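User: I'm new to this one and would like a walk through it. Could you show it to me before we start?

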Amino acid sequence: MAAGLVTFLIAADPPARLDKALARDVPDDAVLSRSRLGRLIADGAVAIDGAVVTDPRARVREGAAVAITVAEAVESHIAGQDIPLEIVFEDEHLIVLDKPAGMVVHPAPGTPDGTVVNALIHHCGDALSGVGGMKRPGIVHRIDKETSGLLVVAKSDAAHRGLAAQFADHSVQRRYLAVCFGVPDANDPRLRGVKGTSFEPGNILKVQTFLGRHRSDRQKQAVSFQTGRHAVTRVRIVAPLGTPAVAALVECWLETGRTHQIRVHLSHCGHGLIGDPVYGGRQKLAEKAVGPAGVVAARTFPRQALHAATLGFTHPITGDEMEFTSDLPADMAQLLLNLQYQV
């Protein structure tokens, strides 16, 4: 929201904590998330009945008068960089990008710049009205560095909150195209014996597990059936690849969106992605099935063969239903041609 003073009264039966009470009762048009409210409390920007309160755990009574001073959004500490972006859609509230493989979404240790966020800060300039009190793009979901495809980013607090709510309730449509080893078919008795897997009508593979940090490799995710975060992936065969079929072009869609989810789930089922150096395994394709070019293409493919092809959501401000599609990038299209499939 714009800088200014937000005032309101605490309604009946307030939660025990101040931050929760404010999150419940703050006017919608203030567009202040609970995390943002927590920062405002800590910064001394919240007064209750005229007295500044800095403890988010403080109790607050029904009818208490709240005054929140919201400062102008500050410039981000992340530098803007003039990096080309493939923009699919943009308005004053959000932007939809088609991210190339090899580009990181957000700066992190080891990748301090050259990211989508650096590019967006430069591209959007003063169009960023501020997310969480800072002039920065609001990242509501990410795709891995070596995964290509569609990504939606908020340009304002209001859009960020609305999009985040849709991702939280799993109402966002996300479909990926992937090339995996083997064919995840219901007729495969081995696959039916893999824990956490089942088949739905239409030969749709459903993988339902928990996902969490790998015990020995903290950079990896691992399947669990006791702890972690609930994760559900569905997989549909688009086309078997090879004669006989030794790989497949598949469509995957997410009921949940966990780190590396598709890659881990398909690996768990014995159908790791071609080119995936972390979860893909060391499978080799039979030359008699895909020919010499297919064997080489699969062995040398430089990234996980995964593309975020469809993205659908409700515009958080206008309420319009939006859906975007992205064609397979050239490298995946060439891989399929080498595996004897006409794109």
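**Around T115**

User: Which residues does T115 touch, leaving out those up to four places away in sequence?

Analyst: This is a predicted model, where local features need pLDDT of at least 70, side-chain atom pairs count only at pLDDT 80 or more, and totals for chains, interfaces and linings use all residues. Residues are numbered from 1 along each chain as its sequence is written, and side-chain values use heavy atoms, with hydrogens and water left out. Contact here means heavy atoms within 4.5 Å. On that basis, the residues T115 touches are Q81, I83, M103, V104, V105, H106 and P107.

User: Is T115 buried or exposed?

Analyst: T115 sits in the loop between β7 (94-99) and α3 (116-124); helices (H or I, at least four residues) and strands (E, at least two) are DSSP runs, numbered from the N terminus. The scale calls a residue buried under 20% relative accessible area, exposed over 50%, and partly exposed in between, using a 1.4 Å probe and protein chains only. Because its relative accessibility is 0%, T115 counts as buried.

User: How far is the backbone nitrogen of V117 from a polar atom of the T115 side chain?

Analyst: A polar contact is a pair of N or O atoms within 3.5 Å; within protein, one must be able to donate a hydrogen and the other to accept it, and residues adjacent in sequence count only if both atoms are side-chain atoms. For the T115 side chain and the V117 backbone nitrogen, the distance is 3.3 Å.

User: What is the volume of the largest pocket?

Analyst: On a 1 Å grid over the protein atoms alone, a pocket is an open set of points with protein on both sides within 12 Å along at least five of seven lines, while a cavity is a set where a 1.4 Å probe fits but cannot get out; lining residues have an atom within 4 Å of a point. Grid points are joined across faces, edges and corners, and a volume is the space filled by probe spheres set on the points. The largest pocket has 39 lining residues, with R142, I143, D144, T259 and H260 nearest its centre. Its volume is about 1300 Å³.

User: Which element supplies the largest share of the lining of the largest cavity?

Analyst: About 40 Å³ of space lies in that cavity. Its lining includes H141, Y176 and T310, and the elements giving two or more residues to it are β11 (173-181) and β17 (306-314). The largest share, 4 residues, comes from β17.

User: Which peptide bond is cis, with omega near 0 degrees?

Analyst: Most residues other than glycine have a negative phi, and most peptide bonds are trans. P244 lies in the loop between β15 (229-241) and β16 (247-254). The cis bond runs from T243 to P244.

User: What is the phi of D49, roughly?

Analyst: D49 lies in the loop between β2 (46-48) and β3 (51-52). Since its relative accessibility is 42%, D49 counts as partly exposed. Although D49 is not a glycine, its phi is positive, at about 50 degrees.
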